Amino acid sequence: MKKIPFLFLILVFISSCNFNAKINLPKKETAELKPFPKVERTTFENIFIVDENKCEKWNLPITRFKIEYPNNVKVDTAKIGVENYDYISFQVIENGVVIEELSIGYSDARKMFEKEIGQKTAEKTMMSLKQSLPDSKELFSGMAEFYGQENYLLNAEVKIENKTPQNFIGTYQMFKTHYYPNSTDLNPINISWTANGSSDIKKKADFGKNGLTSEIWKTFKFVEE
(Lines give C-alpha, C1' and ligand atoms only; values in the text may rest on other atoms or scores of the structure.)
Protein backbone atom coordinates (compact mmCIF):
# COMPACT_ATOMS: atom_id res chain seq x y z
CA MET A 1 0.00 0.00 0.00
CA LYS A 2 1.13 3.54 -0.59
CA LYS A 3 0.23 4.78 2.89
CA ILE A 4 1.36 2.85 5.95
CA PRO A 5 -0.21 3.77 9.32
CA PHE A 6 2.24 5.14 11.88
CA LEU A 7 2.10 2.28 14.37
CA PHE A 8 2.78 -0.32 11.72
CA LEU A 9 5.42 1.64 9.84
CA ILE A 10 7.95 0.47 12.44
CA LEU A 11 6.64 -3.09 12.33
CA VAL A 12 6.11 -3.80 8.67
CA PHE A 13 9.68 -4.94 7.94
CA ILE A 14 9.62 -7.48 10.78
CA SER A 15 6.66 -9.48 9.55
CA SER A 16 6.75 -13.09 10.67
CA CYS A 17 7.45 -14.28 7.15
CA ASN A 18 10.87 -12.62 7.38
CA PHE A 19 12.06 -15.45 9.62
CA ASN A 20 11.32 -18.21 7.13
CA ALA A 21 14.80 -18.14 5.60
CA LYS A 22 16.41 -18.50 9.01
CA ILE A 23 14.66 -21.79 9.67
CA ASN A 24 15.02 -23.06 6.08
CA LEU A 25 11.39 -23.67 5.25
CA PRO A 26 10.83 -25.76 2.12
CA LYS A 27 9.35 -23.85 -0.81
CA LYS A 28 5.61 -24.27 -0.99
CA GLU A 29 4.32 -25.77 -4.20
CA THR A 30 1.53 -23.93 -6.00
CA ALA A 31 -1.61 -26.01 -5.72
CA GLU A 32 -4.28 -26.29 -8.38
CA LEU A 33 -7.26 -24.89 -6.54
CA LYS A 34 -10.87 -25.68 -7.28
CA PRO A 35 -12.98 -22.96 -8.96
CA PHE A 36 -13.75 -20.11 -6.59
CA PRO A 37 -17.26 -20.58 -5.18
CA LYS A 38 -19.88 -17.84 -5.08
CA VAL A 39 -19.54 -15.79 -1.90
CA GLU A 40 -22.14 -13.27 -0.76
CA ARG A 41 -22.24 -10.67 1.99
CA THR A 42 -24.49 -11.37 4.97
CA THR A 43 -23.67 -8.70 7.56
CA PHE A 44 -22.40 -5.40 6.13
CA GLU A 45 -22.87 -3.32 2.99
CA ASN A 46 -19.55 -4.27 1.44
CA ILE A 47 -17.59 -7.46 0.83
CA PHE A 48 -13.89 -7.87 -0.03
CA ILE A 49 -12.81 -11.10 -1.66
CA VAL A 50 -9.26 -12.37 -2.10
CA ASP A 51 -8.41 -15.16 -4.52
CA GLU A 52 -5.27 -16.54 -6.11
CA ASN A 53 -5.57 -14.33 -9.19
CA LYS A 54 -5.64 -11.15 -7.12
CA CYS A 55 -2.74 -12.37 -4.98
CA GLU A 56 -0.58 -12.91 -8.06
CA LYS A 57 -1.40 -9.42 -9.37
CA TRP A 58 -0.56 -7.90 -5.96
CA ASN A 59 2.60 -10.05 -5.63
CA LEU A 60 1.36 -11.46 -2.33
CA PRO A 61 1.28 -15.07 -1.03
CA ILE A 62 -1.68 -17.00 -2.39
CA THR A 63 -4.69 -17.35 -0.16
CA ARG A 64 -8.47 -17.13 -0.37
CA PHE A 65 -10.77 -15.31 2.02
CA LYS A 66 -13.72 -12.98 2.31
CA ILE A 67 -14.40 -10.21 4.80
CA GLU A 68 -17.26 -7.72 5.06
CA TYR A 69 -17.27 -4.13 6.25
CA PRO A 70 -19.67 -1.18 6.72
CA ASN A 71 -19.61 2.17 4.92
CA ASN A 72 -18.47 4.17 7.96
CA VAL A 73 -14.86 2.93 8.04
CA LYS A 74 -11.79 4.00 6.09
CA VAL A 75 -10.55 1.18 3.86
CA ASP A 76 -7.23 0.64 2.12
CA THR A 77 -6.56 -2.37 -0.09
CA ALA A 78 -3.65 -3.92 -1.91
CA LYS A 79 -2.86 -2.36 -5.28
CA ILE A 80 -1.17 -3.45 -8.49
CA GLY A 81 2.28 -2.05 -9.14
CA VAL A 82 3.23 -1.07 -5.58
CA GLU A 83 4.79 -2.92 -2.67
CA ASN A 84 1.91 -4.27 -0.60
CA TYR A 85 2.06 -5.22 3.07
CA ASP A 86 -1.63 -5.98 3.62
CA TYR A 87 -4.49 -7.39 1.62
CA ILE A 88 -6.80 -4.90 3.31
CA SER A 89 -6.96 -2.63 6.35
CA PHE A 90 -9.78 -0.82 8.12
CA GLN A 91 -9.74 2.31 10.28
CA VAL A 92 -12.43 3.63 12.60
CA ILE A 93 -11.93 7.39 12.91
CA GLU A 94 -13.63 9.68 15.40
CA ASN A 95 -13.02 13.43 15.64
CA GLY A 96 -10.02 13.10 13.37
CA VAL A 97 -8.33 10.40 15.48
CA VAL A 98 -7.82 6.72 14.63
CA ILE A 99 -9.78 4.85 17.28
CA GLU A 100 -9.39 1.34 15.88
CA GLU A 101 -7.41 -0.23 13.09
CA LEU A 102 -7.48 -3.81 11.77
CA SER A 103 -5.02 -4.95 9.10
CA ILE A 104 -5.17 -8.30 7.32
CA GLY A 105 -1.61 -8.84 6.15
CA TYR A 106 0.27 -11.51 4.29
CA SER A 107 2.28 -14.40 5.66
CA ASP A 108 3.81 -17.61 4.38
CA ALA A 109 4.46 -19.00 7.86
CA ARG A 110 3.98 -22.69 8.60
CA LYS A 111 1.88 -23.84 11.52
CA MET A 112 4.55 -26.27 12.72
CA PHE A 113 6.92 -23.33 13.29
CA GLU A 114 4.31 -20.99 14.79
CA LYS A 115 5.81 -20.83 18.29
CA GLU A 116 9.37 -20.20 17.10
CA ILE A 117 8.34 -17.65 14.46
CA GLY A 118 5.90 -15.93 16.82
CA GLN A 119 8.44 -15.57 19.60
CA LYS A 120 11.09 -14.08 17.29
CA THR A 121 8.54 -11.72 15.76
CA ALA A 122 7.33 -10.57 19.17
CA GLU A 123 10.88 -9.90 20.37
CA LYS A 124 11.77 -7.84 17.31
CA THR A 125 8.43 -6.03 17.40
CA MET A 126 8.92 -4.94 21.00
CA MET A 127 12.51 -3.91 20.32
CA SER A 128 11.36 -1.69 17.45
CA LEU A 129 8.48 -0.26 19.42
CA LYS A 130 10.65 0.68 22.39
CA GLN A 131 13.20 2.32 20.10
CA SER A 132 10.49 4.53 18.58
CA LEU A 133 8.19 4.80 21.61
CA PRO A 134 10.22 4.21 24.81
CA ASP A 135 7.13 3.90 27.04
CA SER A 136 5.87 0.87 25.13
CA LYS A 137 4.96 -2.11 27.31
CA GLU A 138 4.63 -5.80 26.54
CA LEU A 139 1.40 -6.96 28.18
CA PHE A 140 1.36 -10.53 26.86
CA SER A 141 3.50 -12.67 24.59
CA GLY A 142 2.97 -16.38 24.09
CA MET A 143 0.81 -19.14 22.69
CA ALA A 144 -2.87 -18.52 23.33
CA GLU A 145 -6.30 -19.22 21.87
CA PHE A 146 -7.89 -16.87 19.34
CA TYR A 147 -11.03 -17.82 17.44
CA GLY A 148 -10.58 -21.55 17.72
CA GLN A 149 -6.85 -21.60 17.06
CA GLU A 150 -3.89 -21.60 19.42
CA ASN A 151 -1.23 -19.36 17.89
CA TYR A 152 1.44 -16.97 19.16
CA LEU A 153 -0.10 -13.69 20.34
CA LEU A 154 1.53 -10.37 21.17
CA ASN A 155 -0.37 -7.74 23.15
CA ALA A 156 1.40 -4.45 23.79
CA GLU A 157 0.62 -0.94 24.96
CA VAL A 158 2.02 2.20 23.33
CA LYS A 159 1.60 5.86 24.23
CA ILE A 160 1.62 8.63 21.64
CA GLU A 161 1.61 12.06 23.26
CA ASN A 162 1.63 14.18 20.11
CA LYS A 163 -0.75 13.58 17.25
CA THR A 164 0.99 11.96 14.29
CA PRO A 165 0.36 12.88 10.63
CA GLN A 166 -1.50 9.56 10.42
CA ASN A 167 -3.94 10.74 13.14
CA PHE A 168 -2.77 8.55 16.02
CA ILE A 169 -2.73 10.02 19.53
CA GLY A 170 -3.32 8.56 22.98
CA THR A 171 -2.72 5.19 24.60
CA TYR A 172 -3.15 2.25 22.25
CA GLN A 173 -3.51 -1.48 22.78
CA MET A 174 -1.82 -3.51 20.06
CA PHE A 175 -2.45 -7.12 19.09
CA LYS A 176 -0.63 -9.32 16.57
CA THR A 177 -1.11 -12.94 15.61
CA HIS A 178 -1.40 -15.38 12.71
CA TYR A 179 -4.60 -17.05 11.59
CA TYR A 180 -4.40 -20.26 9.56
CA PRO A 181 -6.72 -21.91 7.02
CA ASN A 182 -7.47 -25.61 7.33
CA SER A 183 -6.08 -26.25 3.87
CA THR A 184 -2.32 -26.40 3.41
CA ASP A 185 -2.86 -25.15 -0.15
CA LEU A 186 -3.54 -21.63 1.15
CA ASN A 187 -1.29 -19.29 3.12
CA PRO A 188 -2.28 -17.90 6.52
CA ILE A 189 -2.89 -14.24 7.28
CA ASN A 190 -1.08 -11.92 9.66
CA ILE A 191 -3.43 -9.92 11.89
CA SER A 192 -2.35 -6.52 13.23
CA TRP A 193 -4.85 -4.73 15.44
CA THR A 194 -4.79 -1.39 17.25
CA ALA A 195 -7.31 0.33 19.53
CA ASN A 196 -7.03 3.39 21.72
CA GLY A 197 -8.70 4.29 25.01
CA SER A 198 -11.83 5.62 23.28
CA SER A 199 -12.56 2.21 21.79
CA ASP A 200 -14.53 -0.60 23.40
CA ILE A 201 -11.35 -2.66 23.07
CA LYS A 202 -9.59 -2.24 26.42
CA LYS A 203 -7.57 -5.46 26.82
CA LYS A 204 -6.33 -8.55 24.99
CA ALA A 205 -9.57 -10.44 25.53
CA ASP A 206 -11.55 -7.67 23.78
CA PHE A 207 -9.86 -8.11 20.40
CA GLY A 208 -12.28 -9.98 18.17
CA LYS A 209 -15.15 -9.41 20.60
CA ASN A 210 -15.65 -5.67 21.18
CA GLY A 211 -15.51 -2.65 18.91
CA LEU A 212 -16.46 -2.13 15.29
CA THR A 213 -13.31 -3.77 13.92
CA SER A 214 -14.21 -6.89 15.88
CA GLU A 215 -17.61 -6.96 14.18
CA ILE A 216 -15.76 -6.73 10.88
CA TRP A 217 -13.40 -9.53 11.91
CA LYS A 218 -16.35 -11.79 12.74
CA THR A 219 -17.23 -11.79 9.01
CA PHE A 220 -13.76 -13.08 8.03
CA LYS A 221 -13.68 -16.53 6.48
CA PHE A 222 -11.12 -18.47 4.49
CA VAL A 223 -12.72 -19.74 1.29
CA GLU A 224 -11.71 -23.39 1.25
CA GLU A 225 -14.58 -25.15 -0.50
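Student: Which residue stands opposite Lys66 in E10?
Tutor: In this predicted model, Lys66 has Lys221 of E10 opposite it. The strands concerned are E2, residues 65-69, and E10, which pair in the antiparallel sense over two bridges.

Student: What is the strand order of the open sheet of three strands?
Tutor: The order is E1-E2-E10, and the pairing is antiparallel. Strand E1 (46-50) and strand E10 (221-222) are the edge strands, each pairing on one side only.

Student: Back to Lys66. With which residue does Lys66 form a salt bridge?
Tutor: Its partner is Glu68, and the closest N and O atoms are 2.8 Å apart. In general, side chains of opposite charge can pair when their charged atoms come close.

Student: Are Lys66 and Glu68 buried or exposed?
Tutor: Both Lys66 and Glu68 are buried.

Student: How many salt bridges does the structure hold?
Tutor: The structure holds seven salt bridges. Among them is the one between Lys79 and Asp76, at 2.6 Å from N to O. Another joins the side chains of Lys218 and Glu215, at 2.9 Å from N to O.

Student: And where do Lys79 and Asp76 fall, buried or partly exposed?
Tutor: Lys79 counts as partly exposed because its relative accessibility is 29%. Asp76, with a relative accessible area of 18%, is buried, the cut-off being under 20%.

Student: What about Lys218 and Glu215, buried or partly exposed?
Tutor: Lys218 counts as partly exposed, at 42% relative accessibility. Glu215 is also partly exposed, at 33%.

Student: Changing topic: what is the order of the open sheet of seven strands?
Tutor: The order is E3-E4-E5-E9-E8-E7-E6, with antiparallel pairing. Its edge strands are E3 (74-77) and E6 (137-146), each of which pairs on one side only. On average, neighbouring strands of this sheet are turned by 15° against each other, direction ignored.

Student: Which strands pair with E9, and over how many bridges?
Tutor: Strand E5 (residues 97-106) pairs with E9 in the antiparallel sense over seven bridges. Strand E8 (residues 170-179) and E9 are likewise antiparallel, over eight bridges.

Student: Which residues face each other there?
Tutor: Leu102 has Trp193 in E9 as its bridge partner. Lys176 stands opposite Ser192 in E9, and Met174 has Thr194 in E9 as its bridge partner.

Student: Why is E9 described as largely enclosed by the rest of the structure?
Tutor: Eight of the eight residues of E9, which spans residues 189-196, are buried, so the strand is largely enclosed by the rest of the structure.

Student: Which side chains point which way from E9?
Tutor: Ile189, Ile191, Trp193 and Ala195 point one way, whereas Asn190, Ser192, Thr194 and Asn196 point the other way; all are buried. In a regular strand the side chains alternate between the two faces of the sheet.

Student: Which residues have the most contacts inside the largest nonpolar core?
Tutor: They are Phe65, Tyr87, Ile104, Ile189 and Trp217, in a core of 34 residues. Apart from that core lies another, of 15 residues, including Leu129, Leu154, Tyr172 and Met174.

Student: Where does helix H3 lie?
Tutor: Helix H3 (residues 114-132) lies across E6, E7 and E8, and runs at about 5° to E7.

Student: Now Asn155. In which strand is Asn155 found, and is the residue buried or exposed?
Tutor: Asn155 is found in strand E7 (residues 149-160). The residue counts as buried because its relative accessibility is 3%.

Student: What does the side chain of Asn155 reach?
Tutor: The side chain reaches the backbone oxygen of Met174 at 2.8 Å. Leaving aside neighbours within four places in sequence, Asn155 is in contact with residues including Glu138, Phe140, Gln173, Met174, Lys204 and Phe207.

Student: Finally, the whole chain: how many helices and strands?
Tutor: The protein chain has four helices and ten strands. Along the sequence, the pattern is α-β-α-β-β-β-β-α-β-β-β-β-α-β.

Student: What share of the residues is buried?
Tutor: Buried residues make up 52% of the 225 residues in the protein chain. Of the contacts with a separation of 6 or more, 61% are between residues 24 or more positions apart.

Note on methods
Residues numbered from 1 in each chain as written. Predicted model: local features only at pLDDT ≥ 70, side-chain atom pairs only at ≥ 80, totals over all residues. Heavy atoms only, no water. Core = buried A, V, L, I, M, F, W, Y, C linked by side-chain atoms within 4.5 Å. Buried < 20%, exposed > 50% of the residue type's maximum accessible area, 1.4 Å probe, protein only. Pairing = 2+ DSSP bridges. Polar contact = N/O pair within 3.5 Å; in protein donor to acceptor, adjacent residues only side chain to side chain. Contact = heavy atoms within 4.5 Å. Axes fitted to C-alpha atoms, helices over the stretch in contact; angles between N-to-C directions. Salt bridge = Lys/Arg side-chain N within 4 Å of Asp/Glu carboxyl O.
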